[in-house]
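Thanks for coming. Please look at the slide, and I will go through the aromatic side chains.

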Amino acid sequence: MKPEDLLDQAGMERAFADYFRQVSETSAGTFNDMLHPEFVRCDFDGQRVVLRVRIQKWMTNPGGILHGGIIASLLDFTMGLLCRYFSGGTMTPTVSMEVSYLRAVPMDGAICIGAQVTKRGRTFLNTLGSLWAEGAEERLLATATGVYYAGGSVH
């Protein structure tokens with residue numbers, strides 16, 4: 001990530017576009033590639049990002065709904081990706097994460113996952129995550145809080 005990408009909205013958009021381009025080129029067959037998250041939007045001032053995922057059959061549990069592990073993984077991925085941006089591109093391992101499953105996730109269409117940094121300390125970033133059906137942001141299906149380790153590289 002270039003230092004100028006950490007300064008404003010345009011830089012944040014460039015950084016996420018570059019990240020998703022690199023992932024599609026270098027991470028074929030990985031878990032994150034199988035989830036196939038898509039960049040939707042970001043907000044530099046609000047310290048927020050939104051991704052979209054199209055639900056696939058392999059993501060369901062025996063009850064025919066989206067597996068809770070997939071929900072947790074999507075929230076963790078999105079919050080961690082945002083933390084990675086605010087740490088200048090360094091890895092930000094998850095320290096802790098708590099997920100609340102509010103409603104069953106509809107299996108038709110796509111879901112959106114949002115993340116927002118709520119506190120940027122010297123070594124840790126605190127985040128909020130949310131998940132909703134595309135087009136229904138006001139009706140949350142799951143929420144999360146997370147703490148990510150940035151090792152003193154928070155911008």
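Ring pairs link Phe16, Phe39, Tyr85 and Phe86 into a cluster. Rings of Phe, Tyr and Trp (its six-membered ring) pair if their centres lie within 6.5 Å; planes under 30 degrees apart are stacked, over 60 edge-to-face, and the rest tilted. This is a predicted model, where local features need pLDDT of at least 70 and side-chain atom pairs pLDDT 80 or more, while totals for chains, interfaces and linings use all residues. Residues are numbered from 1 along each chain as its sequence is written, and side-chain values use heavy atoms, leaving out hydrogens and water.

There are five aromatic pairs in the structure. Phe16 and Phe39 are stacked, at 5.6 Å centre to centre and 15° between the planes. Phe16 belongs to helix H1 (residues 9-26) and Phe39 to strand E1 (residues 38-43), so their pair ties together parts 23 residues apart in sequence. Helices (H or I, at least four residues) and strands (E, at least two) are DSSP runs, numbered from the N terminus.

Is Phe16 buried or exposed? Phe16 counts as buried, at 2% relative accessibility, and Phe39 as partly exposed, at 26%. Buried means under 20% relative accessible area, exposed over 50%, and partly exposed in between, with a 1.4 Å probe and protein chains only.

Another pair, Tyr19 with Phe20, is edge-to-face: 5.3 Å centre to centre, 90° between the planes. Both Tyr19 and Phe20 are buried.

Last, Trp58. Trp58 sits in the loop between strand E2 (48-54) and helix H3 (68-86), and is partly exposed, with a relative accessible area of 35%.
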